[in-house]
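Here are a few worked exercises on cavities and helix packing. Have a go at each one before you read the solution.

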Amino acid sequence: MRVRPLIAASILLLSLIGMPVLALVLAAPASAASAAPAAPTMAVGSWGAGAPAATNPAYDSMTAFTGQFILDKDGGATVTETIDYRFGTSTGTHHGIFRNIVVRQDASDAQKQAAGSDNAYRYYAFDLVSVESPTGASTKAQVTDDGASTQVKIGDAKQTVDGTQTYVLTYHLANVMNPFTDHAEFFYNVFKSDSIPKDTVTLTVNGPGGVTQVRCSKGNTDPGEPCDSATPGSPATFSVTNLLGNQDLTIANELPLAGFGDLQPDIRIGGSVLGAGQAKVVTSLALAGGVVIPLAAAGLMATLVATRGRDEWYAGVTPGLTPGTVPSPGGPPSPAGSPDSAAAPVAQPPVVRGRRPEIAVQFNPPPGVQPGMVGTIIDESADTIDVSATVMDLAVRGYLTIEEVQTDSAFSRTDWRLTALQPPAGDLRPYEETVLAGLFSGSGQVLLSELKYKFATTLRLAVSQMYTEVVQRGWFRKSPQRQRAVWQTLGSLLVGAGLISVFALGVLTFGIDRTAGFGLGVPSGVVLGAGLIVGGIIFFVFGRRMASKTAAGSAVLAQSLGFRQYLVTAEADQIKFEEASAIFSRYLPYAIVFGVADRWAGMFQKVAEAAAAAGQPLLMPTWYIYNGAMFPNFTGIADGAGSFATSAGGTFAATASSGSSGGSGFSGGGFSGGGIGGSSSGSW
């Protein structure tokens, strides 16, 4: 068997230098979609998750959206979107907008049966035609295939925009029509899980023979609320006003079947095929790659971990202190120049990398560092528990209350009611404002269970903003998530290429090895695959250690760990009765992040018992309304708050299925959000 000499030469070069690009060469013939896609990506604006109203200038919104759908006889649609996008005044700087267009969707049962695979999916080929801006905003566009959706990112990172800008986006989607025996349908989700609110939406649909019947619905429950207007014709017209964030918009259009050609949905399963080359060249390169790649990966990662992967620390400075800070009496260090500061800034000490020094007990959390940030600095990861703790911290600070809701049992906690309060004075961090906006989308009260499938967009944005904040605070030079992702993605690519080599080239190269005169007993493709897999594992494992903290970040880490020591070692007789209730509430979110809430609550129960015996009973927290027993106690409240954090984590991360793709919009079945495709929006 022969291959092109260019391919053989490329494999030789990449194998010898031991770089992960070899994985891309081996995997290049693979289909871009080898399996049925996941649910469509749900994108948000810089603040837009669940923004309360389209008329609120503090949040991103669309003052107007006009969509024109021109259906062609081949079953495709040319879409022109005119978007008047208002950038929120409180959402930071902006460079432009993005639109996520669903291009892959789960096939219907009938389509899967016809394809002979349960993994079949429907594909709508996307082609960007043009991007314009009558208001002069940058129309630089980047198109990215994100799996279930294609993202069109419009704008220039070197330019900022504000106010209201108009964007005109034209693109083509193939195979969007659904054929039936006596008619054709364009059953489409204009917006699906889009958190950006819209003042007005105007749509027109036209195609061969005109539209003879229409249906239109907005909302997230089936069948949804009717649109303001929906009229058939040439074209059919639809209009909606005040479409809230995360409200879906679905339209159905019936057209004469005679106006179209042979309408066939594009149903795909996926797969890949790899070739081989000249016997001696391929065998030699495969064997060399199997040895060189893991050695090169080990050498590279060992060097990087030693020089860049270890945390920085201030040399000669007490752990938890930073240059220009001094210890506050009975508490953590205070920034120089603050009211608690008693000394002038000191000279910058040298920075060293190495093992974490011994940590001293801190009696307070790091100043100005909320529980979500503490959780992020501790494990270098912004997790759902950090967002859940943020919700509780906001409740402690007076932004909302959390109330247990009982259902069938007086002793079971199955839900929690969140109620927004008049915001107290004080600034919120961007991620905190995002969480609040996502909790109360258009109302001042919500059950935790009602956020399921609706909060995932907010969660992703809040997590992203938390990573941005740790960089802005100077704790990391780059986002720890991105630092890890680069190397772990590299490792995953190598492992994937190795598996392809083992299974696709293993048998193929066995005969090639014999032709080349190599009688190893193990196919050279397997040797190459094993080397790629080992190299990939090295990148993946050691890539976790590449998210190193700066010396300033390590100081915050030392303070956080010292505060954790206090939470697990504090004794009841150290707490003053008059301060106890406030301290319990303030520190409980931190205790949940640290995983020591049970111990903290147990200690406070002893404080409460001692206070009651002394005739100074403690007041129960008002931010958490406890219904688990007739007489609430600190242990019960902590237990309830811990259950809330666990349940909230699962609820916040839950995402909805993308649904099926072959149904009718006029059959009486599910309608709202039940069409093909969908889109979502945001700013960046």
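**Exercise 1: the cavity**

The largest cavity holds about 30 Å³ of space. This is a predicted model, where local features need pLDDT of at least 70, side-chain atom pairs count only at pLDDT 80 or more, and totals for chains, interfaces and linings use all residues. Residues are numbered from 1 along each chain as its sequence is written, and side-chain values use heavy atoms, with hydrogens and water left out.

Task: find which residues line the largest cavity, and sort them by class.

Step 1. A cavity is a set of points on a 1 Å grid over the protein atoms alone where a 1.4 Å probe fits but cannot get out, and lining residues have an atom within 4 Å of a point.

Step 2. That picks out Asp74, Gly75, Asn175, Val176, Met177, Leu263, Gln264 and Pro265.

Step 3. Sorted, the lining has four nonpolar residues, three polar and one charged.

**Exercise 2: α6 and its partners**

Task: work out how α6 is oriented against α5 and against α8.

Step 1. Helix α5 (residues 371–379) packs on helix α6 (residues 384–396) at about 155°, the axes being 7 Å apart. Angles over 145 degrees count as roughly antiparallel and 65 to 115 as roughly perpendicular, so α5 and α6 are roughly antiparallel.

Step 2. Contact means heavy atoms within 4.5 Å. Here Pro371, Gly372, Gly375 and Thr376 of α5 touch Asp386, Ala389, Thr390 and Asp393 of α6.

Step 3. For α6 and helix α8 (residues 456–472), the axes come within 10 Å and cross at roughly 95°, so this pair is roughly perpendicular.

Step 4. Thr384, Asp386 and Val387 of α6 meet Leu459, Val463 and Met466 of α8.

Terms used:
Axes are lines fitted to C-alpha atoms, for helices over the stretch in contact, and angles run from 0 to 180 degrees between N-to-C directions. Helices (H or I, at least four residues) and strands (E, at least two) are DSSP runs, numbered from the N terminus. Angles under 35 degrees count as roughly parallel, over 145 as roughly antiparallel, 65 to 115 as roughly perpendicular and the rest as oblique. On a 1 Å grid over the protein atoms alone, a cavity is a set of points where a 1.4 Å probe fits but cannot get out, and a pocket is an open set with protein on both sides within 12 Å along at least five of seven lines; lining residues have an atom within 4 Å of a point. Grid points are joined across faces, edges and corners, and a volume is the space filled by probe spheres set on the points. Ala, Val, Leu, Ile, Met, Phe, Trp, Tyr, Cys and Pro count as nonpolar, Asp, Glu, Lys and Arg as charged, and the others, Gly among them, as polar.
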